[in-house]
Amino acid sequence: MSVFTTLTLPEVQDCLRDFSIGEMTELRGIAAGITNTNYFVITETSRYVLTIFEANTIDELPYFVDLMTHLAGHDIPCPAPIADKHGVALRLIKGKPALLVSCLQGSDVSEPDVEQCAQVGRVLAQMHLAGNAFDQQSKNQRDAAWRSHTAAQVMDKVSAGDQALLQQVLAFQDSLDLGGLPTGVIHGDLFRDNVLFDGATLGGFIDFYYACHDVLAYDVAIAVNDWCLTESGDFDEPRLNAFMQAYTDVRPFNEAEKQAWQGLLCIAALRFWLSRLYDLHFPAEGELTHAKDPDYFKNILLKRATPSAL
């Protein structure tokens, strides 16, 4: 993601000296995203991704390491954590937790087509099923309590109209009863820039650091709110239908999920409007950082909100 922690090649060579990855020849900062620091670590024969965690403690991270290891072992295309010669994957770099993972083939797509949306939907459902066998749980860092708290933090930074919208949608959120919906491992941030395609083939899902235990259909709502849109923020029906058909062919929605679907789309949009508002008004310092436009997701929220939410 953005480079908050600046490293040099000699520093990384020293920190990763116990890893059997060959001689490192290049270190390259990855200028995308807004949460953690990421570098490509390039060796004579391979490429890896080194993540420096800017907000997590090292005690919070074994869940993500174990989850990616579990999913990779169940044939879900995702980065595999790399352990050192002693079997340890996590370490501290400049006092911050760090993790080296395999680098998947491919790149993100800015304008996905119907078939790409179908592939993402299918693999997301497969990931949700594979997560059933994972015996750890992690709380959602961006749950309803976080959304309420963050709204309070940004409330006096936004217009009166936006304040009213936040208050209305928060009240709607509080009225939602999601207790009976199927839960399990969710990715939590499956946007286009967190999926790689190698040509026409899905290369894998990346950036699992918002993964947690939550409502599975909420994860689907997060994804389609990014993958299946027109420029105006409306749903592109062919892409949406392809995504949902491919997903439900693998893991069908039950009746409770179908009834909650519109509400899940609404709170999924709220989550990302709030995170963008927070990043805009409380920016972190970083070498390559950039904040994304909050109004993009406010527009999506307005299109997803039911009359009862407004």
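This is a predicted model: local features need pLDDT of at least 70, side-chain atom pairs count only at pLDDT 80 or more; totals for chains, interfaces and linings use all residues.
1. **Main core.** Start with the largest nonpolar core, which holds 83 residues. Four of them touch the most other members: Phe205, Val224, Trp227 and Phe243. Helix H8, residues 255–281, supplies the largest share of this core, with 13 residues.

2. Another core lies apart from the largest one.

3. **Phe205 and its contacts.** Phe205 is one of the residues that touch the most other members of the largest core. What does Phe205 contact, leaving aside its neighbours within four places in sequence? The partners include Pro77, Cys78 and Pro79. Leu104, Val120, Val123, Leu124 and Met127 are also in contact with Phe205. His187, Leu190, Asn194 and Val195 complete the list.

4. **The cavity.** The count comes to one cavity of 30 Å³ or more. The volume of the largest cavity is about 50 Å³. Its lining consists of Asn140, Arg142, Ile186, Gly188, Tyr210, Tyr218, Ile222 and Arg271. By class, this lining has four nonpolar, two polar and two charged residues.

5. **The second largest pocket.** This pocket has a volume of about 540 Å³. Its lining is made of 25 residues. Which of them lie nearest the centre? They are Ile30, Phe40, Val49, Leu196 and Ile206. E3 gives the most, with three residues. The lining divides into 14 nonpolar, seven polar and four charged residues.

6. **Helix H4.** H4 spans residues 144–154. Its buried residues are Trp146, Arg147, Thr150, Ala151 and Val154. Seen down the axis of H4, these buried residues fall within an arc of 135°, so they line one face of the helix. An α-helix has 3.6 residues a turn, so residues three or four places apart point the same way. The face of H4 turned away from the buried side carries Ala145 and Ala152, both exposed. Helices H5, H6 and H8 are included in what covers the buried residues of H4.

7. **Helix H9.** H9 covers residues 294–304. Which of its residues are buried? They are Pro294, Phe297, Lys298, Ile300, Leu301 and Arg304. These residues cover an arc of only 160° around the axis, which puts them on the same side of H9. They pack against H5 (160–175), H6 (216–227) and H8.

8. **Asp75.** Look at the backbone here. The phi of Asp75 is near 65°, a positive value in a residue other than glycine. Asp75 sits in the loop between helix H2 (62–73) and strand E4 (91–93). Is Asp75 buried or exposed? With a relative accessible area of 70%, Asp75 is exposed.

9. **Asp207.** Asp207 is not a glycine, yet its phi is positive, about 55°. Its loop runs between strand E8 (201–205) and strand E9 (212–215). Asp207 counts as buried, at 14% relative accessibility.

10. **Ser138.** Ser138 is in the loop between helix H3 (114–130) and H4. Its relative accessible area is 18%. Ser138 is therefore buried, the cut-off being under 20%. Leaving aside neighbours within four places in sequence, Ser138 is in contact with Tyr63, Ala211, Cys212 and His213.

11. **Gln163.** Gln163 belongs to helix H5. At 25% relative accessibility, Gln163 counts as partly exposed. Which residues does Gln163 contact beyond its neighbours within four places in sequence? They are Met155, Asp156 and Val158. Asp59 is 104 residues from Gln163 along the chain. The C-alpha atoms of Gln163 and Asp59 are separated by 36 Å.

Notes: Residues are numbered from 1 along each chain as its sequence is written. Side-chain values use heavy atoms; hydrogens and water are left out. On a 1 Å grid over the protein atoms alone, a cavity is a set of points where a 1.4 Å probe fits but cannot get out, and a pocket is an open set with protein on both sides within 12 Å along at least five of seven lines; lining residues have an atom within 4 Å of a point. Grid points are joined across faces, edges and corners, and a volume is the space filled by probe spheres set on the points. Ala, Val, Leu, Ile, Met, Phe, Trp, Tyr, Cys and Pro count as nonpolar, Asp, Glu, Lys and Arg as charged, and the others, Gly among them, as polar. A nonpolar core is a set of buried Ala, Val, Leu, Ile, Met, Phe, Trp, Tyr and Cys residues joined through side-chain atoms within 4.5 Å. Buried means under 20% relative accessible area, exposed over 50%, partly exposed in between (1.4 Å probe, protein chains only). Helices (H or I, at least four residues) and strands (E, at least two) are DSSP runs, numbered from the N terminus. Contact means heavy atoms within 4.5 Å. The arc is that of the directions from the helix axis to the C-beta atoms.
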